[in-house]
Amino acid sequence: MGTPLGAEDALSRYRSPLVSRYAGAEMAFIFSERNKFGTWRRLWLFLAQAEKSLGLPITDEQIKEMEANLDNIDFKMAAEEEKRLRHDVMAHVHTFAHCCPKAAAIIHLGATSCYVGDNTDLIVLRDGLNLLLPQLARVISRLADFAEKYADLPTLGFTHYQPAQLTTVGKRCCLWIQDLCMDLQNLERARDNLRFRGVKGTTGTQASFLQLFEGDHSKVEELDRLVTEKAGFKRSYMVTGQTYSRKVDIDILSVLASLGASVHKICTDIRLLANLKEIEEPFEKDQIGSSAMPYKRNPMRSERCCSLARHLMTLIMDPLQTASVQWFERTLDDSANRRVCLAEAFLTADIILSTLQNISEGLVVYPKVIDRRIRQELPFMATENIIMAMVKAGGNRQDCHEKIRVLSQQAAAVVKQEGGDNDFIARVRADPYFSPIHKQLDSLLDPSSFTGRAPQQVAKFLKEEVRPALIPYKSKMGGKIELTL
C-alpha cells in the first residue's frame, strides 16, 4: 500500500463518484458546503430583519453588516471552531459573528440549531426538485418526438419476453412516457406540498420567541410568516417538534425512488432492444465497447442508468427507518444519515435524467431488422385472418382450421428443429386448398393491419396528455446534452 499524500491532494482522498464523475454542476452546488452555509447566513439575516420589523432593538447598521458578509465565509475558522465546540451551527455562529462584530449579539437570536439546519434542508429540497422537474420534462419531450416519428412503425410486441401481437415503436415508447409523466406529476406535487419549518424554537412551541416579544402571540405568528415569506415559501408547517416531520423526507425520496424505477424499466427495454439489434442508444465515433472484443457496441449509457437507478430506489429505506425511530420531539440519530441519503438521492436522480436525455436524443432505429423479426413471427399471427378470409370465400371454418394446424406445426418444426426460417406462408401458397385467397395473402400479412389503434393512441396521448403537461417547462427545453464521461 502506498504512502498517503497530504490532505491537500484531492486524489489521495475518497470522493463520491456521484460528484466527481457524473453529477451536473448545478445539482452539485445545491448540496455543496458553500450553498449550505451561505443559506444559513441568509436565514440569520431573514430572522434579524423580521425581528427588527416587529420591534426588537436591532439596528440598521447591524443588518447592513450581516448583508455585507453573507458570502464572506472563513471555512478554515469554521472548521477549527467546530473541532473545538463539537457543534456545527455554533461554529458558524461564531464565524459569522467574527466578521460581523456589531451584529454578533443578535445573530441566531431566539433560534435553535434546526432553525438554520432544517430550514436550509427544505430550501435545498425545493431547489433540487425545481432543478429536476425541467430535466424530466426535457426527457419526456425528446421521447415524445421519438414516439411521434415512429407512431406508425410496426414492431413485434412481447409479453413474458415471448413474441406477442404487434404494436408500434412509437406506442411502446408511449409506455415509457406515461410512467415519466406520472413521475412529473409526483415531483410537482412533492414540491408544491413542501412547506417551511419556519420559526418554531427548540421543541416547536415557539417559547423563546414568545419571551422575546413579551407574550405577544400575534408578533410571534407574524415573525414566522415573515421569515417563511423571505425564504420563498408560501406556507410553514403549523406544528413541528424540534425538526420538521421526517415523513417529509419519505415523501420526497419515495417520489425519486419511483422515478428510478421508471428509468430502470425504460433503460432495460433499450438494452433488450439493443440485443435484438432493433434500437440502439447513441454510440460515438471513437467509443470502445469492449477492450477484448472490438466489434461490440454495448449499451453503456442505459447500463449506467440501470446501475444508478437501483441505488436511487434503495435510498428510500433510509428516511423510512429514520422517521420511525425519532423519539418524541427529536433525536440526533437522523443527522448523519440524512447528510448522505438526501444528497445522494438528488445527485443520482440528476445523473440518470441527464443520461436518459442523452440517450433519448440519439436513439437509432433499424426498421429492416424490425421488419425481419415481424416476418418471422407474423405468419402464425395471421392464421385467424386467413381462416376468416377462407370462410368469406366459401370455405368451412373447421376444415380450414385443421389445415392451418397441420401446416403451422410443420413450419414450427423447421424453425425449432432445423434452425430455418418460418415457411408457413410458403406452405399456404403451395396448398391448392387455399387458392381462393392466394391473391389476398400479401394484404392479409400487411403488418400495419395488426397494430390496431396504436398510431391513433400515440397521437391522442401526445396531444391531450403529454404536450399540455410540458407547457410550464417550454422555456427550459434547452439543447442537446453531451455526457462528460
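Helix 11 and helix 12 (residues 300–314) run with their axes coming within 8 Å and crossing at roughly 155°, and the two helices are therefore roughly antiparallel to each other. This is a predicted model, so local features need pLDDT of at least 70 and side-chain atom pairs count only at pLDDT 80 or more, while totals for chains, interfaces and linings use all residues. Residues are numbered from 1 along each chain as its sequence is written, and side-chain values use heavy atoms, with hydrogens and water left out.

**Helix packing**

- A word on terms: helices (H or I, at least four residues) and strands (E, at least two) are DSSP runs, numbered from the N terminus.
- Axes are lines fitted to C-alpha atoms, for helices over the stretch in contact, and angles run from 0 to 180 degrees between N-to-C directions.
- Angles under 35 degrees count as roughly parallel, over 145 as roughly antiparallel, 65 to 115 as roughly perpendicular and the rest as oblique.
- Helix 11 and helix 12 make a left-handed crossing (the near helix is turned anticlockwise from the far one by less than a right angle; clockwise would be right-handed).
- On the helix 11 side, the contact (heavy atoms within 4.5 Å) uses residues including Leu 256, Ala 257, Gly 260, Ala 261 and His 264. Helix 12 answers with a set that includes Ser 302, Cys 305, Cys 306, Ala 309 and Met 313.
- Helix 11 (residues 247–276) also pairs with helix 8 (residues 169–193): their axes come within 9 Å and cross at roughly 165°. Helix 8 and helix 11 are therefore roughly antiparallel to each other.
- Helix 8 goes past helix 11 in a left-handed crossing.
- Helix 16 (residues 383–392) and helix 17 pack at about 145°, with axes 9 Å apart, and their crossing is right-handed.
- From helix 16, Thr 383, Ile 386, Ile 387, Met 390 and Val 391 meet Arg 397, Cys 400, His 401 and Ile 404 of helix 17.

**The nonpolar core**

- The largest nonpolar core has 139 residues, and Trp 44, Tyr 115 and Ile 177 touch the most other members. Such a core is a set of buried Ala, Val, Leu, Ile, Met, Phe, Trp, Tyr and Cys residues joined through side-chain atoms within 4.5 Å.
- Helix 7 (residues 113–149) gives the most to this core, with 18 residues.
- Not counting residues up to four places away in sequence, Ile 177 touches Ile 140, Leu 143, Ala 144, Ala 147, Phe 461, Leu 462 and Val 466.

**Two buried spots**

- Buried means under 20% relative accessible area, exposed over 50%, and partly exposed in between (1.4 Å probe, protein chains only).
- Thr 167 sits in strand 2 (residues 162–168) and is buried, with a relative accessible area of 16%. Leaving aside neighbours within four places in sequence, Thr 167 is in contact with Leu 153, Pro 154, Thr 155, Gly 157, Arg 172 and Thr 451.
- Ala 411, in helix 17 (residues 397–418), is buried at a relative accessible area of 0%.
- Ala 411 and Arg 427 are 16 residues apart in sequence and 8.1 Å apart in space, C-alpha to C-alpha. With neighbours within four places set aside, Ala 411 is in contact with Phe 380, Asn 422, Asp 423, Phe 424 and Arg 427.

**Exposed residues and positive phi**

- Most residues other than glycine have a negative phi.
- Arg 86 has a positive phi of about 60° although it is not a glycine. Arg 86 lies in the loop between helix 5 (75–85) and helix 6 (88–99) and counts as exposed at 70% relative accessibility.
- Phe 328, also not a glycine, has a positive phi of about 50°. Phe 328 is in the loop between helix 13 (317–324) and helix 14 (335–360), and at 82% relative accessibility Phe 328 counts as exposed.
- Pro 472 is in the segment after helix 20 (454–470) and is exposed, with a relative accessible area of 57%. Pro 472 and Pro 134 are 338 residues apart in sequence yet 8.8 Å apart in space, C-alpha to C-alpha.

**From the UniProt record**

- UniProt lists residues 378–462 as "domain: Adenylosuccinate lyase C-terminal" in an unreviewed entry; positions are given in the numbering used here, feature names are shortened, and annotations may be inferred rather than shown by experiment.
- In the model, residues 378–462 are 66% helix and 0% strand, and the end C-alpha atoms of the span lie 28 Å apart.
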